[in-house]
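Please consult the sequence and the model while reading.

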Amino acid sequence: MVLLILGVALWWGAHLFKRLAPAQRAALGDKGKGPVALALLAAILLMIFGYRMAEGAFFWGRHPATVGINNLLMIAALYLTSPGPKKGALLYKMRHPMLTGFLLWAVAHLLVNGDVPSFVLFGGLGLWAIVEMVVINRAEPEWTPPQKGSIGKDAMFLAISVVLLFVIGFIHTWLGYPTFG
């Protein structure tokens, strides 16, 4: 469980570094991008290995209804993390589509994974997405939405999101985490 907690903490720290210590991050300039990227890679590896090794109390598991809701939320999460909201016509005024998609991803995974390691991983990352939105809004209160795109772009990115769900589902199933039915 320690690796998992370290991974989630490192994810938080690497992402919030720019917002919580702007002078220190600015002093690093472009040279700071490399260490932040390495910290994020290390965080992902710690979370993967930590989650696979972690044990904890089990409260609920997969149920046909929650699997269906999970998959619908995942389509929405994939769409929100795509360029669709910024290039389409439906959600172009949404300030944080990627972070909202990340939060939906976390909630979707908590619906079908009711154990302590999942609470740490998905709960911790979902909470990070909320905190990140609040911190960005406070640091940069003024925001102008992009220009309105087309419904065609929305439809294209939604179709890509559905295809991605099946690809990700196949990979999850191959790794031993079945996602459908």
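Tryptophan 11 is located in helix α1, where helices (H or I, at least four residues) and strands (E, at least two) are DSSP runs numbered from the N terminus. The model is a predicted one, in which local features need pLDDT of at least 70 and side-chain atom pairs count only at pLDDT 80 or more, while totals for chains, interfaces and linings use all residues. Residues are numbered from 1 along each chain as its sequence is written, and side-chain values use heavy atoms, with hydrogens and water left out.

With a relative accessible area of 12%, tryptophan 11 is buried; the term means under 20% relative accessible area, against over 50% for exposed and partly exposed in between (1.4 Å probe, protein chains only). Beyond its neighbours within four places in sequence, tryptophan 11 is in contact with Leu40, Ala43, Ile44, Met47, Phe102, Leu125 and Trp128, contact being heavy atoms within 4.5 Å. The C-alpha atoms of tryptophan 11 and leucine 40 are separated by 5.9 Å, although the two are 29 residues apart along the chain.

Trp11 also belongs to the largest nonpolar core, which has 22 residues; Leu4, Trp11, Met47, Leu121 and Trp128 have the most contacts inside it. Such a core is a set of buried Ala, Val, Leu, Ile, Met, Phe, Trp, Tyr and Cys residues joined through side-chain atoms within 4.5 Å. At least two residues of this core come from each of α1 (2–20), α3 (33–53), α6 (97–112) and α7 (116–139), and α7 gives the largest share, eight residues. Apart from this core lies another, of five residues, among them Met74, Ile75, Leu78 and Leu165. Tryptophan 128, again leaving aside neighbours within four places in sequence, is in contact with Trp11, Trp12, His15, Leu16, Leu99 and Phe102.

Histidine 96 is placed in the loop between α5 (84–87) and α6 and counts as buried at 12% relative accessibility. Not counting residues up to four places away in sequence, histidine 96 touches Met133, Ile136 and Asn137.

The largest share of the patch, seven residues, comes from α3.

The structure holds two salt bridges, each defined by a side-chain nitrogen of Lys or Arg within 4 Å of a carboxyl oxygen of Asp or Glu.

| Pair | N to O distance |
|---|---|
| Glutamate 140 and arginine 19 | 2.5 Å |
| Lysine 33 and aspartate 30 | 3.7 Å |

Glutamate 140 lies in the loop between α7 and α8 (151–174) and arginine 19 in helix α1, so this pair ties together parts that are 121 residues apart in sequence. Glutamate 140 is partly exposed, at 36% relative accessibility, and arginine 19 is likewise partly exposed, at 21%. Lysine 33 and aspartate 30 are both exposed.

Overall, the protein has eight helices and two strands, in the order α-α-α-β-α-α-α-β-α-α along the sequence. Along its principal axes the C-alpha trace spans about 45 × 45 × 25 Å. Of the 181 residues, 35% count as buried.
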